[in-house]
Amino acid sequence: MAATAKHEGRLRLSLFAAFFCLWIFAICGRLLWLQVVEYGFLTQKAARQQQRSIEVSPPRGVIYDRKGRELAMSVQVDSVFAVPSEIPDQASTANLLAHILKIDPKEMLAKLESSRSFTWIARKLDNNVAGRIRALNLKGIYFQKEPKRFYPKNDLAAQVIGYVGMDDEGLAGIERSFNQRLSGRPGKMLISMDARHRWFGRVEKNPEPGQNLVLTIDEDVQHIAEKELDAAMQKTHAEAGTVVIQNPKTGEILALANRPTFNPNNSRGLDPKSLKNRAVSDVYEPGSTFKMVTIAAALEEKVTSPNEVFDCQMGSIVVGGVRIHDWKPYGLLTVSQILERSSDVGAIKIAMRLGEDRMYKYIRGFGFGSQTGIELSGETRGITKPVNRWSKMSIGAISMGQEIGVSPLQLVSMTSSIANDGVWTPPRIVAGSTSVAQGRTGTAQTVVFRPGQQHRVISSFAAAEMKRMLEGVVLQGTGKNAILDGYSSAGKTGTAQKINPLTHRYDRVKHIASFSGFAPVNNPAITVTVIMDSPLGEHHGGTIGAPIFARIAQQVLEYLDVPHDIEVRNPQRMLLRAKAKPEEEMEGSPDHVGEEVAENDNQQEPPAIVASAAQPGGQGIVPATYHSVTAAETEHAAPADGNPALLQSSKSLLAKTGTVVLDVDAAKTVPSFLGKPVRAVIEESEKAGLEVDIFGSGVARQQNPMPGARLPTGGHVTVQFAR
Amino acid sequence: MAKRVSVDRWLLGATLLLVLLGLVMVFSASAVMAKDRFGSPYTFVLRQIGWACAGVLAMVVLRRVDYRKYKHPAVVFTLLGVTMLLLVAVLFLDRSHNTHRWIRFGMLSFQPSELAKPTLIFFLAFFLETRAVAIDDWRRTLLPAVLPSLIFSLLIVKQPDLGTALVCMAMTASVLFVARMELKYLGYGVLASLPALYYLLFHVGFRRQRMLAFVNPWNDPQGAGFHMVQSLIAVGTGGITGIGLMEGKQKLFYLPEPHTDFIFAVIAEELGLLGTVAVVALFGVFCYRGMRAAIRTSDPYARFLAIGITSTIAIQAFFNISVVLGLLPTKGIPLPFISYGGSSLFITLACVGVLLNISQQTD
């Protein structure tokens with residue numbers, strides 16, 4: 001009995017021991033499984049939660065001007081991240097951070113709860129915000145330096161340089177078109193913690209800094225352009241303005257300014273209008289400046305010569321069934337004079353002699369209708385129709401810069417090719433790039449970008465003739481305000497009516513005043529093109545564009561140390577310029593011939609529509625001079641390719657009235673303020689429903705516009721007072 | 001009369017090695033936390049060293065005290081009474097970690113539930129020896145034998161500390177099993193406890209979550225399964241050789257209670273398979289030598305005592321390790337000798353002293 005009991009007792013003990021043995025086996029098996037078989041999987045899991053590889057933004061390349069001055073650079077600023085598991089009290093930490101960063105505490109708390117090991121709190125903070133967070137000395141909150149884009153010159157050349165988004169991604173301008181070069185390659189940083197409770201960043205891969213870019217822009221020249229453009233904007237109350245300065249020989253853009261503009265340092269919530277780089281992306285009808293193309297082509301093709309006399313038919317010509325009037329009746333004019341006085345009839349007659357095909361060849365030759373290839377995003381090709389889509393009137397319209405859409409940059413390039421002895425040079429704005437030295441062994445690499453392919457458009461002989469004639473424009477024609485002191489200058493004025501985007505018709509009050517020219521004439525150093533969009537009141541290329549050209553060119557030439565080619569303070573020239581009467585600088589915004597582009601036309605062309613132009617000649621309003629032309633009077637039958645819409649609209653319009661007088665109701669006649677004291681001027685202008693901008697004190701000596709001119713209600717009259 | 005033999009070196013050696021390893025690992029697991037909380041990385045380990053010294057002293061002293069001295073109603077019922085009083089008292093004392101487990105005396109804190117384990121062992125051994133002839137008389141033997149365990153367990157569950165309560169019940173069952181109780185009673189007991197266990201496991205929110213997380217921890221690695229997943233990651237990261245003492249990362253932010261309940265995961269991470277197998281082997285040696293003592297003694301009282309002590313320690317150890325390895329659902333059971341916890345270490349070492357005394361009195 002006792003033996004069996006003892007035996008059973010031993011049996012039970014053995015069973016008990018066996019139970020523990022099995023348990024130990026199970027544990028050892030599990031250990032093998034976890035620590036040997038699953039080792040890789042679990043190690044990976046551990047790494048994923050203990051370490052975090054974050055991208056280290058590479059420093060973005062610097063954008064320099066041609067003299068190595070920074071236009072865009074990157075500064076190291078603080079970004080804040082949290083290691084939530086180290087934060088003792090997440091709710092209060094979230095509250096504190098949210099208060100400083102001005103965001104919802106709940107959102108912040110959600111961020112902290114989203115991960116235990118790593119979460120960004122805020123990136124690229126201002127120094128003072130980062131300082132305030134640092135001052136809190138919060139547990140589990142860390143700082144990481146990240147590069148942030150900074151534009152030291154603020155809005156200087158803003159549209160050229162562009163701006164970047166939050167992630168340093170170029171969103172406009174050079175920043176965008178050279179984003180890849182500038183941005184470099186991001187590095188990797190492994191953030192992990194060591195056993196002593198410290199987080200540390202171990203750099204896995206160094207970020208490759210982006211390449212630096214050197215622009216052809218000269219900061220000082222740019223500054224001159226911007227300053228003068230600002231002044232002009234102030235004075236003319238224009239909606240927008242563009243100035244482009246180019247070296248005609250190399251095609252390098254020295255300055256490119258647009259108004260309105262923006263500050264790329266705070267690129268959020270910007271007006272798209274101010275972001276637009278009008279110089280490359282705007283398409284407008286150039287107007288008279290385009291006569292340069294017409295006449296240069298005719299000279300090159302030897303269909304005429306500068307001294308050939310054309311009968312300008314007292315300012316009236318019929319093209320393709322439409323009668324076109326010069327703004328002022330001219331009789332016999334030489335080709336030079338046609339350019340000087342900007343006679344439409346003369347230009348049309350020259351173009352008709354040239355013929356459509358040859359005209360088109362030179363339009364394309366001067367770079368219109370194709371991108372210039374400048375290193376800026378959003379460049380337009382302009383609008384150029386091939387000859388087979390021209391109407392009978394097109395040759396007339398195009399010869400004086402209508403029915404064609406160009407960008408300011410294309411106009412600059414064309415002017416430069418005349419200045420550059422007839423060779424068209426592609427404009428360029430990026431001179432080259434330099435890469436930062438890589439590591440110890442690498443060397444900095446500088447790449448000079450090759451200029452694009454040049455091509456000859458007209459012979460140097462024709463170009464020389466053009467230069468002389470364009471100098472004549474400045475000295476004797478519409479461009480007297482472009483006379484410089486100590487330098488010869490040449491150029492062409494332009495006044496074009498804008499097309500109202502709503503009505504697709506020529507706007508009666510909105511004009512584009514432009515001047516495109518170069519100086520000095522014989523060895524041009526700069527080409528300057530000024531385009532003012534919708535100046536209020538005075539709107540002629542000669543009175544608006546030419547003075548801006550003169551001020552800019554004068555300063556830039558002196559800054560560039562271009563030797564004077566004319567006696568400084570030459571009394572004759574000074575006199576010439578001083579005597580420049582507004583009247584002489586005016587040119588009619590010409591009658592708009594133009595093919596009616598039917599609404600169903602699938603090309604996005606601004607429909608050049610038969611719209612009558614008010615022809616402010618300085619004294620009172622000039623009735624629009626659109627006459628009905630009967631079929632019998634036309635030299636040509638109605639266009640064969642058919643523009644019934646045009647004919648219909650013009651007929652119906654004309655049948656009723658015969659003459660269209662514009663703006664009679666809305667317009668106010670500008671009274672004469674001359675000789676009156678300030679007080680009287682203000683009273684009188686109020687009566688007239690006009691605004692006056694007063695300069696100086698005493699009695700009125702000068703006013704603009706002149707008495708008798710018509711302005712829309714609320715228009716501005718600038719009055720200069722003196723004692 | 002049993003003749004005196006020299007001390008069981010294996011048992012003593014395994015115990016001391018485990019205690020030493022425990023001190024090292026407590027330091028490794030708690031240094032960062034201690035620095036954070038108290039400004040010195042040594043806070044926890046110094047306390048543990050203090051308790052370990054006291055414990056080893058107690059062990060050495062008790063090894064020399066004849067175990068038969070405890071076989072006295074005065075000793076047994078005093079212990080029962082005091083434990084009972086403390087277990088009730090702790091429920092009315094302050095809460096920490098949302099539980100009523102500790103009684104504090106200034107710097108020191110003490111868990112009455114730790115005292116419950118040896119008290120029950122001494123009681124069972126004393127009582128069963130007197131009732132050895134009628135072990136299966138359920139009214140006069142089984143019920144009185146189990147009653148203190150039941151009452152203690154219920155009080156401990158109330159703290160709440162289901163793990164320790166389960167250890168108490170498992171130990172009671174082990175002693176009864178070795179005392180040759182008929183197996184059917186064991187079956188009844190298990191059946192009777194199932195509904196209660198089910199209720200406790202699935203109707204108390206946090207345990208239910210733990211259970212579900214145990215079934216599939218990767219289902220919700222950031223939520224309920226977090227502890228389990230972190231523990232598995234720590235163990236797996238160790239590989240064969242471990243990532244080096246003090247180098248573990250999981251203990252820093254991921255493992256819950258790295259210096260107590262999950263210290264085995266820290267060992268696994270830092271010392272690898274070699275370390276973990278060594279620890280399991282040491283417990284295996286301890287278990288084997290404890291049972292050997294139970295088998296070799298001819299005194300039923302000594303056998304019950306030895307089985308009670310050995311099974312308590314072994315069950316706790318293997319349960320804790322199984323939890324860490326994801327073999328059992330998470331329960332708050334410390335790893336004997338190793339986990340941080342003064343009262344537990346002290347009492348465990350004292351019990352080993354009694355076990356050593358038994359082992360050296362075998363024939």
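How many helices and strands does the secondary structure of chain A come to? The count is 23 helices and 26 strands. Helices (H or I, at least four residues) and strands (E, at least two) are DSSP runs, numbered from the N terminus.

This is a predicted model, in which local features need pLDDT of at least 70 and side-chain atom pairs count only at pLDDT 80 or more, while totals for chains, interfaces and linings use all residues. Residues are numbered from 1 along each chain as its sequence is written, chains are lettered from A and ligands numbered from 1 in the order in which they are written, and side-chain values use heavy atoms, with hydrogens and water left out.

**View 1. The two chains, A and B.** Chain A has 723 residues, and 55% of them count as buried. Buried means under 20% relative accessible area, exposed over 50%, and partly exposed in between (1.4 Å probe, protein chains only). Chain B has 13 helices and two strands. Of its 363 residues, 57% are buried. A contact means heavy atoms within 4.5 Å. In chain A, 73% of the contacts with a separation of 6 or more join residues 24 or more positions apart. For chain B, 73% of contacts between residues at least 6 apart in sequence link residues at least 24 apart.

View 2. An α-helix has 3.6 residues a turn, so residues three or four places apart point the same way. Just after the helix, G689(A) takes a positive phi of about 75°.

**View 3. Helices α3 and α5 of chain A, packed together.** Helix α3 (residues 90-101) and helix α5 (residues 127-136) pack at an angle of about 160°, with axes 10 Å apart. Axes are lines fitted to C-alpha atoms, for helices over the stretch in contact, and angles run from 0 to 180 degrees between N-to-C directions. The angle makes α3(A) roughly antiparallel to α5(A), a term for angles over 145 degrees. L96(A), L97(A), I100(A) and L101(A) in α3(A) meet V129(A), R132(A), I133(A) and L136(A) in α5(A).

View 4. R428(A) lies in the loop between β15 (423-424) and β16 (430-435). Its relative accessibility is 8%, so R428(A) counts as buried. Not counting residues up to four places away in sequence, R428(A) touches residues including E252(A), E375(A) and F449(A). Y506(A) is in strand β20 (residues 505-519). Y506(A) is buried, at 5% relative accessible area.

View 5. Most residues other than glycine have a negative phi, and most peptide bonds are trans. The bond from A519(A) to P520(A) is cis, with omega near -20°. P520(A) is in the loop between β20 and β21 (526-533) of chain A. From Q159(B) to P160(B) the peptide bond is cis, with omega near 5°.

**View 6. K302(A), with a positive phi.** K302(A) is not a glycine, yet its phi is about 55°. K302(A) lies in the loop between α12 (291-300) and β11 (309-311) of chain A. With 68% relative accessibility, K302(A) counts as exposed.

Technical notes:
Angles under 35 degrees count as roughly parallel, over 145 as roughly antiparallel, 65 to 115 as roughly perpendicular and the rest as oblique.
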